[in-house]
Amino acid sequence: MNVTPSTEPTSPATTSQSRFLRACQRLSVDATPVWLMRQAGRYMEEYRALRAQHPILEIIKRPELAAEVTMQPIRAYNLDAAIIFADILPPLEGMGLNLEFMKGEGPVIHNPIRSRADVEALRIPDPTESLWFTLEAIKQVRKQLDPRGIPLIGFSGAPFTLASYAIEGGSSKAYLHTKGLMMSDASTWHLLMEKLSEVIGNYLLAQARAGAQTLQFFDSWVGALSPADYREYILPHSRHAIDIARQGNVPIIHFGTNTSGMLNLIQEAGGDVIGIDWHIDLDTAWDSLKPGTAVQGNLDPVTLLAPWPEIEKRTKEILDRVKGRPGHIFNLGHGILPGTPVENVRRLIDFVHEYTAAQA
């Protein structure tokens, strides 16, 4: 029995009743909804062809190109949600930081934050001016998604993750400068986080007002902290950003990696759906959360490079842990990796739909 969504356009009225949005609200669904972090990206031939002609920041800042990349996996697979093609770092540009994506190095901040004066100089821009291109891309994508009955996810990086990039100047393994500022100058740290939470909250709210029907709050690096540090230095600021975004009246997904030791604190910061990575069993994570919580996850992304029988086995294990509870959105524990075979992605999505429909 195949119950995967049709690729043919449907009535726009079906979007609000999509299985993805219903799962966010813990309502019954005919099959478990699926979307995948980085579902648009380097593993797809169509994306690589576009990247051969345009730098990544150009794609992000040209709404028609961002809209095209957003739609590529929707055309290719029977996904239950799209996520706008953007990046977590452009909000830092509007604050006054110089961002560049360098070949072989990834994102680089050329004027990283290292002092209180640097923090005081940061602006809090209006997202409709500094990030207009993503808001316009959202409007363009909604016109293509609504006839298909597929909802759109907007997103932003969370305060800690953006602070880490801004302070380190790029990726980091030990977060020496970030933790150093946090531990040595709490006043400056909190000033930075206050500014970031305002920028992030307003950006998420602007995305909802532009047409995003769900928002994901990415705290990809927060697992580098202890629960005590999260509680004192991060939680109030993440909560503030999420409280601002809540004015958009759409579901909010709160996702972090390496957070299995502080999922209760992640939930305390806010979110209707809690994203789970692969370092903890899905049912164990769900049981640690308050009743009435939806969850998202949690296949190890490397699994998609394995032979199909192994992918099927591991996917079944996750789905069987749900035990019929409403409110599960199937996803990876982080983004799709470069080199992932597209056929494995397609088979995974179809399998989740078919297996859970049979159970329902």
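For the feature "binding site", the UniProt record (an unreviewed entry) lists Arg38, Gln39, Ala40, Gly41, Arg42, Asp87, Tyr165, Ser220 and His334. These residues span 297 residues of sequence and are also spread in space, with up to 23.1 Å between C-alpha atoms. From this set, Arg38, Ala40, Gly41, Arg42, Asp87, Tyr165, Ser220 and His334 belong to the lining of the largest pocket. On a 1 Å grid over the protein atoms alone, a pocket is an open set of points where a 1.4 Å probe fits, with protein on both sides within 12 Å along at least five of seven lines, and lining residues have an atom within 4 Å of a point. UniProt positions are given here in the numbering of the model, feature names are shortened, and the annotations may be inferred rather than shown by experiment.

A word on the basis of these values: the model is predicted, so that local features need pLDDT of at least 70 and side-chain atom pairs count only at pLDDT 80 or more, while totals for chains, interfaces and linings use all residues. Residues are numbered from 1 along each chain as its sequence is written, and side-chain values use heavy atoms, with hydrogens and water left out.

Two of the listed residues can be looked at in turn. Ala40 sits in the loop between α1 (19-24) and α2 (45-51); helices (H or I, at least four residues) and strands (E, at least two) are DSSP runs numbered from the N terminus. With a relative accessible area of 13%, Ala40 is buried, where buried means under 20% relative accessible area, exposed over 50%, and partly exposed in between (1.4 Å probe, protein chains only). Not counting residues up to four places away in sequence, Ala40 touches Val69, Pro73 and Phe85, a contact being heavy atoms within 4.5 Å. Arg42 is also found in the loop between α1 and α2, but at 57% relative accessible area Arg42 is exposed. Apart from neighbours within four places in sequence, Arg42 is in contact with Tyr47, Arg48 and Pro338.

Thr70 lies in helix α4 (residues 63-76) and is buried, its relative accessible area being 1%. A polar atom of the Thr70 side chain lies 2.8 Å from the backbone oxygen of Ala66. In an α-helix there are 3.6 residues a turn, so residues three or four places apart point the same way. The side chain of Thr70 also reaches the backbone nitrogen of Phe85, at 2.8 Å. Beyond the neighbours within four places in sequence, the contacts of Thr70 are Ala82, Ile83, Ile84, Phe85, Val141 and Leu152.

The UniProt record, again an unreviewed entry, places the feature "domain: Uroporphyrinogen decarboxylase (URO-D)" at residues 33-42 and 153-169. Residues 33-42 are 0% helix and 0% strand, and the end C-alpha atoms of this span lie 23 Å apart. Residues 153-169, by contrast, are 59% helix and 29% strand, with end C-alpha atoms 28 Å apart. Helix α9 (residues 159-168) is mostly covered, as 10 of its 10 residues are buried; among them are Phe160, Tyr165 and Glu168. Gly169 follows α9 and has a positive phi, near 90°.

Finally, the charged side chains. The model holds 17 salt bridges, each a side-chain nitrogen of Lys or Arg within 4 Å of a carboxyl oxygen of Asp or Glu. Arg246 pairs with Asp272 (3.3 Å, N to O). This pair links distant parts of the chain, 26 residues apart: Arg246 is in the loop between α12 (227-245) and β6 (252-256), and Asp272 is in the loop between α13 (263-269) and β7 (273-275). In the salt bridge between Asp287 and Arg325, the closest N and O atoms are 3.1 Å apart. Asp287 lies in helix α14 (residues 282-287) and Arg325 in the loop between α15 (308-322) and β9 (328-332), so the pair ties together parts that are 38 residues apart in sequence. Asp287 counts as exposed at 56% relative accessibility, whereas Arg325 is partly exposed at 28%. Arg19, Asp30 and Asp80 are joined in a network of salt bridges.

Notes. Polar contact = N/O pair within 3.5 Å; in protein donor to acceptor, adjacent residues only side chain to side chain.
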